[in-house]
Amino acid sequence: MAKYLVIVESPAKVKTIKKFLGKNYEVTASNGHVRDLPKSQMGIDVEHDFEPKYITIRGKGELLAKLRKEVKKAEKIYLATDPDREGEAISWHLSKALKLDEKKDGKKVYRISFNEITKNAVKSSLKEPREIDMDLVNAQQARRILDRIVGYTISPVLWGKVKRGLSAGRVQSVALRIIADREDEISAFIPEEYWTIDAVFKIPGERKKLEAKFYGTAQGRMKISDGKQAQQIIEELKSADYQILDVKKSERTKKAPAPFTTSTLQQEASKVLNFSTQKTMRIAQQLYEGIDIKGSGTVGLITYLRTDSVRISDEAAAQAQEYISSNYGEEYVAAPVAAKKKTGKIQDAHEAIRPTDIKRLPVEVKESLSRDQYRLYTLIWKRFTASRMSGAKYETTSVKIGAGQYILTVSASRIVFEGFMAVYMSDEDEKGENNTLLKSIDQSTQLKLEDVSGAQHFTQPPPHYTEASLVKMLEEHGIGRPSTYAPTITTLLARRYILKENKNLHMTELGDVVNSIMKKAFTTIVDEEFTANMELLLDKVEEGDINWKVIVRNFYPDLEQAVKDAEKNLEKIEIAEEETDVVCESCGRNMVIKYGPHGKFLACPGFPDCRNTKPYLEKAGVVCPKCGKDVVIRKTKKGRRFFGCEAAPECDFMSWQKPSAEKCPECGGYMVEKGNKLACADAACGYVREKPKEPGNS
C-alpha cells in the first residue's frame, strides 16, 4: 500500500509524476479548484468585513469523497498544485475541503512545488516541503473577490440599462476601453501626403548600380509635402553635380533576445504561428504537463508557462552553454551576465519559459507531437537556445552624397557574424535588410546619375490592435498579470464586445454601448492608471506587506456609490421592439427590430406563430454617391460595421467611415466623417475641414 499521497491539479500530470516516484507514492488529481464562490450570488459578506462564502463546486463532491479515502490511507500528504498564486489557493482550498489543516491522526501535510515536471525537479521538491504560503493565497483571494465584486455589482446595471447577458470586469473593461480608444484614433485619423525621392547612379567600371535616397540639406532632414515641391527638387537634382562627401563604416552588435515570458510567448506565437493567446496557452500547458515521447515515456517538455521572469536556473544555463559550445563553437556562447531581478518575491519566483532539456531537439520529438505542439515547442527551444548565445555582428556602411544644396544618403549592412541568428530570427530580423555596398566606394568615386524619381505616399493611421499587440500594451501598462491576458481577450470575444478579422481586433456595436456606459458611470474601473496601481497593491499582498482586506475595504465604498449613481442617473438604452415599415411577407404584420448576438435584425412580431426574420438595414441618412439610393449600415460576416448601398450587390459602394451628404469642393468626390472633421474619401485629394457644429451646440 502507498504510504504517501501526492495531489496535483491536472490529471495529465498524474501519469508523468507517478513514473518518477515509484510504488510508495499514490498520485491523484483535484481537477483544478474544488471550492469557489457560489454562482447564484456574490458570495461575499460585505457586512462582516468582506468574508468570502466558499462552497464545494458542483460535481466535485464525488471527487472529494475519493480524495478523503486516499488521505485516510496515507501517512504523508503532499499538495503539489501549480507553482503560482492560483495553485497555492487550490492547495489551501484542498486542505480546507479535506480538513488537512486540522492535522488529525498525526498525518503530516506538506506543500511542494516545481517549475518543471522532470524527475530531478519533482524529487528535489519532496526534499524541500513547506507550509502553504498564505500571502500567495491571500493575493489570489483579493483578486478573486475584487473581480467578483466588480462583476456582480456592475453587470446588473448593464442588464437594467441595456440587456441581460452583458458583463463587466476589473481587467476586461480596461482592455475594452483601450481597444475602443484605438478605434476612435483610427476613425479620426486624417492622412497627410508626403513624397520620397530616389536616385540611381552608375559607377564607371562597376556593373552594380548605387541607389540613394533623398535626405535634405546640410541643415537637416527635409520633408517633401506635395508633388509640386517634389518635382522642383527632382529638376534641380537632374542638373546637379554629384560627389561623395563621406563614407563611414562601423560595426554594430544585435543582442540575443531574452527567453520567453508568458507575454512574449503569446506575442511571438501570434506573429509567427498565427496562434490566438488562448491556443498558445492551451498547447503550452500540454507541453508543460507531459507528452508521451517515443523511447522516453511521458515527460514534461517545457517549464511552467505562467511567468513574467526571464531568469534561468544555473543548471539550465550550464547545460545550454555546453550544448552551444559543442554544436556551434565556443565563440557562439554568450558571456555570462547576471540577470536583473525584478523587485518582489513573486514576479521572479519562476524561471523564464524554456525546454526542460536543451538536448531534446524538436526534430527528435517531432513524431510524438501534434503539428501545433511541435511548432510551439520549436519556437520555445529556439528562443531559449538563442538567448544563451552571443550577439549577431553587422558591418554597416553609410554614404553621404552631395548634390548642390541637397544631400542624398545610402545605408547598407551585412552580417559578419551570425551569433544567435544561427538558431533564431524574429519576425523583425527576417524583414531586415542585409545588403552590401561596393567595397571600392570612397570619396574619390565618380557618380553618374542614371535616374531620379519621386513617389507619393500618405501617412497611415495607427494599426488596429491584434491579440499580440494588446497583450504587449496590457503588460507595458501593468494591467493584469501573465495568467489573465488570454482569459481577458477570450471573454471580450465571447461576449461579442470585440471581433477578430485578419488578426485585427475591432469593436462591435454592443462593445461600443458597454464601453460608453463604463466610461460614463464607472470612470475609475476603466482607468488604466487606477487598474495598474491596483495590480501593484495586489503584488504587495503577495509580498506580505499589505493585508488583503484593506484593499477591498478601501475599494468597495466608491464602487458602491458609483453603482447607486449609475442606477439613478444613467438613461436606459432602449432596445425594445421598434416597429418598422417593413412588411412581413409571410403574414403581413409590420416587422420589429430585435437584438441578437450580432446586433440588430428584423423579426415578425407574430412569433412563435410566424418565425420570419431578415437582416436589419439601418439608413445612414445619406444617398449613395455611386447610384443615388440610400446608404445603409451593414456588417461583415464577423460583425464589423461598414456603410454600403442598399442596392448591393448591384451597387458595390462601401466605406468604413460614414459618408457625408456634402461633396468635396476640391474634386467633387464624396466626403467621410473622421472624428470632428470631414475629409475627402480620395486620399490623393487630401481636402479636410472641420465638421459643421450640430444645431444648438456652440
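Reader: Which residues of helix 15 (residues 485-494) are buried?

Author: In this predicted model, the buried residues of helix 15 are Tyr-485, Ala-486, Thr-488, Ile-489 and Leu-492. They are on the same side of helix 15, because they cover an arc of only 165° around the axis.

Reader: Which elements do the buried residues of helix 15 pack against?

Author: Their partners are helix 6 (172-188), helix 8 (262-273), helix 9 (277-289), helix 14 (467-476) and strand 18 (498-501).

Reader: Where is Asn-502 placed, and is Asn-502 buried or exposed?

Author: Asn-502 belongs to the loop between strand 18 and strand 19 (504-507). With a relative accessible area of 73%, Asn-502 is exposed. Its phi, near 50°, is a positive value in a residue other than glycine.

Reader: Which residues does a cis peptide bond join?

Author: Pro-608 is part of the loop between strand 22 (599-603) and strand 23 (613-615). Another cis peptide bond joins Ala-648 and Pro-649, where omega is about 10°. Pro-649 occurs in the loop between strand 26 (641-645) and strand 27 (654-655).

Reader: In what order do the four strands of the open sheet stand?

Author: Strands of a sheet pair through backbone hydrogen bonds, either parallel or antiparallel. Here the four strands form an open sheet in the order 24-25-26-27, and the pairing is antiparallel. Strand 24 (618-623) and strand 27 are at the edges; each has a single partner strand, so one side of each is left without a neighbour in the sheet.

Reader: How many bridges join strand 26 to strand 27?

Author: Two bridges join these antiparallel strands. In strand 27, Met-654 is the bridge partner of Gly-644.

Reader: How many aromatic pairs does a search of the whole structure find?

Author: The search finds 13 aromatic pairs. A pair of aromatic rings is described by the distance of the centres and the angle of the planes. For Tyr-78 and Tyr-110, the ring centres are 5.4 Å apart and the planes are at 25°, so the pair is stacked. This pair links distant parts of the chain, since Tyr-78 is in strand 7 (residues 76-79) and Tyr-110 is in strand 8 (residues 108-111), 32 residues apart. Tyr-78 is buried, at a relative accessible area of 5%.

Reader: Why do the rings of Phe-530 and Phe-555 count as stacked?

Author: Planes under 30 degrees apart count as stacked. The planes of Phe-530 and Phe-555 are at 25° and the ring centres are 6.2 Å apart, so the pair is stacked. Phe-530 lies in helix 17 (residues 528-542) and Phe-555 in helix 18 (residues 548-569), so that the pair links parts of the chain 25 residues apart. Phe-530 counts as partly exposed at 29% relative accessibility, whereas Phe-555 counts as buried at 7%.

Reader: Which residues do ring pairs link into a cluster?

Author: The cluster consists of Tyr-328, Tyr-332 and Phe-417.

Reader: Which arginine lies over the face of Trp-92, and which over the face of Tyr-465?

Author: Arg-35 lies over the face of Trp-92, at 5.7 Å from the ring centre. Arg-182 lies over the face of Tyr-465, at 4.2 Å from the ring centre.

Reader: Which residues of the largest nonpolar core touch the most other members?

Author: In this core of 64 residues, they are Leu-21, Phe-114, Leu-287, Leu-301, Ile-302 and Leu-376. Helix 12 (residues 371-387) contributes the largest share of the core, seven residues. A second, separate core has 60 residues, including Leu-37, Val-171, Leu-492 and Trp-548. Leu-492 is also one of the buried residues of helix 15.

Reader: Which residues does Phe-114 touch, not counting residues up to four places away in sequence?

Author: On that basis, Phe-114 touches Ile-17, Ala-80, Pro-83, Ala-121, Val-122, Ser-125 and Tyr-288.

Note on methods: Residues are numbered from 1 along each chain as its sequence is written. This is a predicted model: local features need pLDDT of at least 70, side-chain atom pairs count only at pLDDT 80 or more; totals for chains, interfaces and linings use all residues. Side-chain values use heavy atoms; hydrogens and water are left out. Rings of Phe, Tyr and Trp (its six-membered ring) pair if their centres lie within 6.5 Å; planes under 30 degrees apart count as stacked, over 60 as edge-to-face and the rest as tilted. Buried means under 20% relative accessible area, exposed over 50%, partly exposed in between (1.4 Å probe, protein chains only). A charge sits over a ring if NZ of Lys or CZ of Arg is within 6 Å of the ring centre and within 35 degrees of the ring normal. A nonpolar core is a set of buried Ala, Val, Leu, Ile, Met, Phe, Trp, Tyr and Cys residues joined through side-chain atoms within 4.5 Å. Contact means heavy atoms within 4.5 Å. The arc is that of the directions from the helix axis to the C-beta atoms. Two strands pair if DSSP finds at least two bridges between them.
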